[in-house]
Amino acid sequence: MMKNPNPVCKRYGFTLIELLVVIAIIGVLVGLLLPAVQQAREAARRSSCGNKMKQNALAMHTYADANKSLPTATDRKKAYPFPPNPNHVNAGWSTFTVHLMPFLELSSVFDKLDLGTVSQTSGTKQSGQSVSNWTALAPANQAPPMYKDQLCPSNPYAMSGQMLDESYHGNNNKRHGGRHYDVCLGPSGFPSRPPDCAQNNSYCNAHPNWWYANNKPVTDRKSTPGIFNWAFDFPCTFEYVTDGLSNTFLMLERRPEIAVWAGMYRQEQLGVTTGIRPNSSTINEDPTMIKNNSVRTTNSGASSYHPNVFAASTADAAVHFLSDTVDFEVYNYLGGRNDGNIKGRLP
């Protein structure tokens, strides 16, 4: 039998050129699709972040319905006239994050706290109970943060509870975490005029120093220009928000990893000042400086990881994502609760 002089050769696999072409095409497709996937993921994270801020804002309103006023940022120091206490003595253990616990499905934790203990360690609110407040808030050392309604998923430090220097807020336990949705202090120097606030601008420096409430009633606009006061017991009622609830900031997003005083349950320096531009270029990200009081004038403003925007809630519990480039004057008038300026309107 004669063989076919021209047999058909069967080929299996790809040539090197063909393989390289396919790899190149896949690389181009991945390069085109990856940004879209990342944008979709950030959009989902941003939506979740806004929903969490909404939950906190609604909890503020529920608290106000039950207590006839909004919670205080902190009651570490009390000042007249709420209640009369001219000596400004330490008066208890609580912050707005603690006040909101019963309204954010954390009643079981709240019930274990002793809010009248300045030392933060007795924990004897219930008969026969003996546990420190810090332990009640974070019974499992280095477990995931408990107060998840305060954690923005866009922030890579959210679940770790760490600051930039890799230490932890509060009692050195990551379960204490940091405040991502902080109360608005309005246009106030914190503790001095921020670099973003020019000398001839009064709208971003409504009072000369952060201890102004030492000698002024906390209802005074210059003492407490925003709905909250950073250290004095000021349970604001909605009647004090004369600029209108939809025209006044209630809460602002922040990056707690850049500020040691942004811990979830820390008693002092609660709040975000509008005297610093949102996502300001003056933020100091040196890990060795975040525990230094000198960076309070740069790191106490609104900030976020969302591209070019940050979350804000107005006092009517509405949530908005505002541009980093929002007009600074408008931004500060939105922070004030009773400045009466018509510029204080959302863009």
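A cavity is here a set of grid points where a 1.4 Å probe fits but cannot get out, and its lining residues have an atom within 4 Å of a point. The legends below describe close-up views of a predicted model.

**View 1. The largest cavity and its lining.** The largest cavity is lined by 12 residues. Those nearest its centre are S188, H207, S223, N229 and W230. The space inside amounts to about 90 Å³. By composition, the lining of this largest cavity holds 6 nonpolar and 6 polar residues, with no charged ones. The model has 2 cavities of 30 Å³ or more.

**View 2. The second largest cavity.** This cavity has a volume of about 40 Å³. Its lining includes Y157, A158, G161, Q162 and H169, together with G177, G178, H180, P256 and E257. Among the residues lining the second largest cavity, 3 are nonpolar, 6 are polar and 1 is charged.

**View 3. Strand β1 and its two partners.** With strand β2 (residues 249–253), β1 forms an antiparallel pairing over 3 bridges; here D182 has L252 as its bridge partner. With strand β3 (residues 272–273), the pairing of β1 is parallel and runs over 2 bridges. In this second pairing, G186 is bridged to T273.

**View 4. The hairpin of β4 and β5.** Strand β4 (residues 309–314) and strand β5 (residues 319–323) pair in the antiparallel sense, with 5 bridges between them. A312 stands opposite H320, which belongs to β5. The hairpin has 4 residues between the strands, and A317 adopts a positive phi near 75°.

**View 5. The largest nonpolar core.** This core comprises 48 residues, of which M60, M101, L250 and Y265 touch the most other members. Two or more residues come from each of α1 (16–67), α2 (96–99), α3 (107–110), α4 (133–137), β1 and β2. The greatest contribution is that of α1, which supplies 7 residues. Apart from this core lies another, of 17 residues, including C197, Y203, C204 and L252.

**View 6. The surroundings of L250.** Neighbours within four places in sequence are left aside in this view. The contacts of L250 include A57, M60 and L70, as well as D182, V183 and C184. Further contacts of L250 are made with I227, F228, S313, T314 and A315. L250 is also one of the residues that touch the most other members of the largest nonpolar core, as is its contact M60.

Technical notes. Residues numbered from 1 in each chain as written. Predicted model: local features only at pLDDT ≥ 70, side-chain atom pairs only at ≥ 80, totals over all residues. Heavy atoms only, no water. Pairing = 2+ DSSP bridges. 1 Å grid on protein atoms, 1.4 Å probe; cavity = no way out; pocket = protein on both sides within 12 Å on 5 of 7 lines; lining within 4 Å. Points joined across faces, edges and corners; volume = space filled by probe spheres on them. Nonpolar A, V, L, I, M, F, W, Y, C, P; charged D, E, K, R; others polar. Core = buried A, V, L, I, M, F, W, Y, C linked by side-chain atoms within 4.5 Å. Buried < 20%, exposed > 50% of the residue type's maximum accessible area, 1.4 Å probe, protein only. Contact = heavy atoms within 4.5 Å.
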